[in-house]
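Welcome! Take a moment to look over the fold before reading on, and keep it in view as you go.

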Amino acid sequence: MKILVCISKTPDTTAKIDFKNGNTQFDENGVQWIINPFDEWYALVRAIELKEKDASTVLHLVTVGGPDADPVIRKALALGGDEAIRINTTNLDDSYYVASQIAEVAKSGGYDLILTGKETIDYNGSAIGGMVAELLDMPFISLGTKLELNGDSAVVSREIEGGEEVNEVALPVVISAAKGMAEARIPNMRGIMAARTKPLKVVEPVAVDALTSISSFELPPAKAGVKMINPEDMAELVRLLHEEAKVI
């Protein structure tokens, strides 16, 4: 069994968000980077659990990014990956471009299972998994909450409106992982020390034309202060809800 887990770096949730160059680029100055939580907590940890059940399993990690992504991928190795691959490009604005780079690496890897988080917490695109599957001509199951392997097939549960859906699919397959797939782990000292010597292969990107570009970013408006209304003055409350909040 060979598993590939897609890892993305994202800003820490406490990072100050700002933009530059006419609001067309994210300002990375002073930003603390972390592993995208959906990639780490669900996709990676479930892959590690599968490897723990079968010691012959090979677990590779792949990320798309520049040298500043190395600490993030090293942390992922510390959790339990065997080897990491970094595709050396900073062009991360277009999902098709990123998916194409991952698919190119996956083509030569002979992977039985490719896992991604359901989305990244910065762009929330949820697009990479499906695109990678299409580029590799593999089946794709999104938002998996449970995953078990049964010989040459995978059994995947998904939460749906009013219940749960269970899918069985032949390997190889691409799956995006959501809450419930696994429980978060913390790297131990042994894993941290071992990660320093685990292979981190850097490859150059393939030539792919991006299909989209970012025109601009915009921050949400600042929250207004709280207005206190006399509970006896219902007319004023109705006026504010109608004229200012515009909810009635």
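Six of the seven residues of strand S6 are buried, so S6 is largely enclosed by the rest of the structure. Here, buried means under 20% relative accessible area, exposed means over 50%, and partly exposed is in between, using a 1.4 Å probe and protein chains only. Helices (H or I, at least four residues) and strands (E, at least two) are DSSP runs, numbered from the N terminus.

S6 covers residues 58-64 and is joined to S7 by five bridges, the two strands running parallel. Strand S1 (residues 2-6) also pairs with S6 in the parallel sense, again over five bridges. Two strands count as paired if DSSP finds at least two bridges between them. You can pick out individual partners too: valine 62 of S6 is the bridge partner of cysteine 6, and valine 62 also stands opposite isoleucine 85 in S7. Histidine 60, for its part, has glutamate 83 in S7 as its bridge partner.

## How the model was read

This is a predicted model, in which local features need pLDDT of at least 70, side-chain atom pairs count only at pLDDT 80 or more, and totals for chains, interfaces and linings use all residues. Residues are numbered from 1 along each chain as its sequence is written, and side-chain values use heavy atoms, with hydrogens and water left out.

## Strand S7 and the crossover

Now follow the chain onward to S7 (residues 83-87). Four of its five residues are buried, so S7 is largely enclosed by the rest of the structure. Together with S6 and helix H2 (residues 70-79), S7 makes a right-handed β-α-β unit. Right-handed means that, with the strands pointing away from the viewer, the path from the first strand over the helix to the second runs clockwise.

S7 has another parallel partner in strand S13 (residues 200-203), with four bridges between them. There, alanine 84 stands opposite leucine 200.

Which residues does aspartate 93 touch? Leaving aside residues up to four places away in sequence, its contacts are Tyr123, Thr212 and Ile214; a contact means heavy atoms within 4.5 Å. Aspartate 93 sits in the loop between S7 and helix H3 (95-107) and is partly exposed, with a relative accessible area of 41%. Its C-alpha atom is separated by 17 Å from that of glutamate 204, 111 residues apart along the chain.

Look for the cis peptide bond between leucine 171 and proline 172, where omega is about 0 degrees. Proline 172 lies in the loop between strand S11 (163-170) and strand S12 (173-177).

Asparagine 21 has a positive phi of about 50 degrees although it is not a glycine. This residue belongs to the loop between strand S3 (19-20) and strand S4 (25-26), and it is exposed, with a relative accessible area of 52%. Leucine 143, also not a glycine, has a positive phi of about 55 degrees. Leucine 143 is found in strand S9 (residues 140-150) and is partly exposed at 37% relative accessible area.

## The whole chain

Stepping back, the protein chain holds six helices and 13 strands. Of its 248 residues, 41% count as buried. The C-alpha atoms fill a box of roughly 70 × 45 × 40 Å along the principal axes. Among contacts between residues at least 6 apart in sequence, 69% join residues at least 24 apart.
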